[in-house]
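This briefing is meant for someone meeting the structure for the first time. Please look over the sequence and the model before reading the points that follow.

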Amino acid sequence: MVAHVPIRSQNLMPADAPIDAHLSGRVAIIAGSTRGIGLQVAYALAGRGVSLVVNGREASAVDATVAEIRGGGGYAVGVCGSAGDENVAEQMVTTALDEFGALDVAINCAGIAEPPGSTILTISTAEFRAQIDAHLMSAFFLTRAAARVFVEQQSGSIVLTGSAASLGTFGGSGYPAAKGGVNALALAAAGDLRGSGVRVNVVMPGAKSRLSSGADYVRHIESLHERGILDEFTRDAALDPAPPEYVAVLYTFLASDAAAGITGQIFTAAGGFIGRYDPHQPTFVAYRDHRDCEPYSLAELAALLLS
């Protein structure tokens, strides 16, 4: 048991208090927080007085992260295992409550790379399912486990990690499908939890990590450009991403009470760029009242959709 219980001050913090004050004394669980973006998020939160449950698949990496945060004066414990395992996600929540007596924030940065050169034609069923487990199921398990605590206490922030790959611009198959599911899950969960004081948002990050570096990654990006899927600007940005601390600050803000009015939002961040995606809305093509008209003919659809 770590000798630390955070100060509970959720309803006492002035709206104009410094952002760091909205985080100090809080408790967060971060899936996938021993490397890359997740590790930088852990550093950012720990440096602002947040007690952490860190997580990763390798025990040595979890232990090293916990030791580093504690060595810097922070509070952290570890849970080893894949967040795509329901029991691991539940254990992270239980550990936060047992060790720190509270839970305020749940962040999912867990994930794995798609096999090099993978497409819808080459990815195996097992590889596709591994992507769904690592990205979508980890988000689901963490969201559900944390939300049960947050609804009871009428407060909490959930931040999930999406990807621009969900837009189909970075190739692959299982990875973009899983990330698209994360976006849909977050929007649905935000609707379910609206009115309960629980916020759910997504960050689609662009940052240098083990998933965005290495020879296989470079070949993949160059191939997408050669095939006309990525323009030159996007290719260059993908090949030279900013360090992950540039993205970590957005996760940190969304975790804080300063972002209390933000839920059901999908953000993108890469280096100095921050964007927000508008809600999906159809553009108008045609309308006629079904009570007075027959279904469109194929010729009518062709005239409408091919013009």
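Two residues are in contact when heavy atoms of theirs lie within 4.5 Å. On that basis, residues 24 or more positions apart account for 68% of the contacts in the chain with a separation of 6 or more. The model is a predicted one, and its chain has nine helices and eight strands. Buried residues make up 47% of the 307 residues in the chain.

**The sheet**

- Eight strands form an open sheet with mixed pairing, and their order across the sheet is β3-β2-β1-β4-β5-β6-β7-β8.
- The edges of this sheet are β3, covering residues 76-80, and β8, covering residues 273-276, each of which pairs on one side only.
- On average, neighbouring strands of the sheet are turned by 20° against each other when direction is ignored.
- Strands β2 and β3 are paired in the parallel sense over five bridges, and within this pairing V54 stands opposite G78 in β3.
- Together with helix α2, which spans residues 59-71, the strands β2 and β3 make a right-handed β-α-β unit.

**Strand β6 and its neighbours**

- Strand β6 is largely enclosed by the rest of the structure, because seven of its nine residues are buried.
- With β5, strand β6 pairs in the parallel sense over six bridges, and the partner of I158 in β6 is V200.
- With β7 (residues 265-270), strand β6 (residues 198-206) also runs parallel, and six bridges join the two; the partner of P205 in β7 is A269.
- Helix α5, made of residues 174-193, packs on the sheet and touches β5, β6 and β7, while its direction makes about 160° with that of β6.

**Helix α1**

- Helix α1 is mostly covered, with nine of its eleven residues buried; these buried residues are I37, G38, L39, Q40, V41, A42, A44, L45 and A46.
- The elements that cover the buried residues of α1 include strands β1, β2, β4 and β6, along with helices α2 and α8.

**Helix α8 and its packing with α1**

- In helix α8, which runs over residues 245-255, the residues V247, A248, L250, Y251, T252, L254 and A255 are buried.
- Those buried residues of α8 pack against helix α1 and against strands β4, β5, β6 and β7.
- The contact between the two helices is made by I37, Q40, V41, A44 and L45 on the side of α1, and by E245, V247, A248, Y251, T252 and A255 on the side of α8.
- In passing α8, helix α1 makes a right-handed crossing.

**Residue F141 in helix α4**

- F141 lies in helix α4, which spans residues 125-153.
- Is F141 buried or exposed? Its relative accessible area is 11%, so F141 is buried, given that buried means under 20%.
- When residues up to four places away in sequence are not counted, F141 touches A83, G84, D85, E86 and A89.
- F141 and V88 are 53 residues apart in sequence, yet from C-alpha to C-alpha they are 8.8 Å apart in space.

- Q154 is placed in the loop between α4 and β5.
- The phi angle of Q154 is near 60°, which is a positive value in a residue other than glycine.
- Q154 is partly exposed, because its relative accessible area of 45% falls between the limits of 20% for buried and 50% for exposed.

Methods
Residues numbered from 1 in each chain as written. Predicted model: local features only at pLDDT ≥ 70, side-chain atom pairs only at ≥ 80, totals over all residues. Heavy atoms only, no water. Pairing = 2+ DSSP bridges. Helix = DSSP H or I, 4+ residues; strand = E, 2+ residues; numbered from the N terminus. Axes fitted to C-alpha atoms, helices over the stretch in contact; angles between N-to-C directions. Right-handed = clockwise from strand over helix to strand, strands pointing away. Buried < 20%, exposed > 50% of the residue type's maximum accessible area, 1.4 Å probe, protein only. Left-handed = near helix turned anticlockwise from the far one by under 90°.
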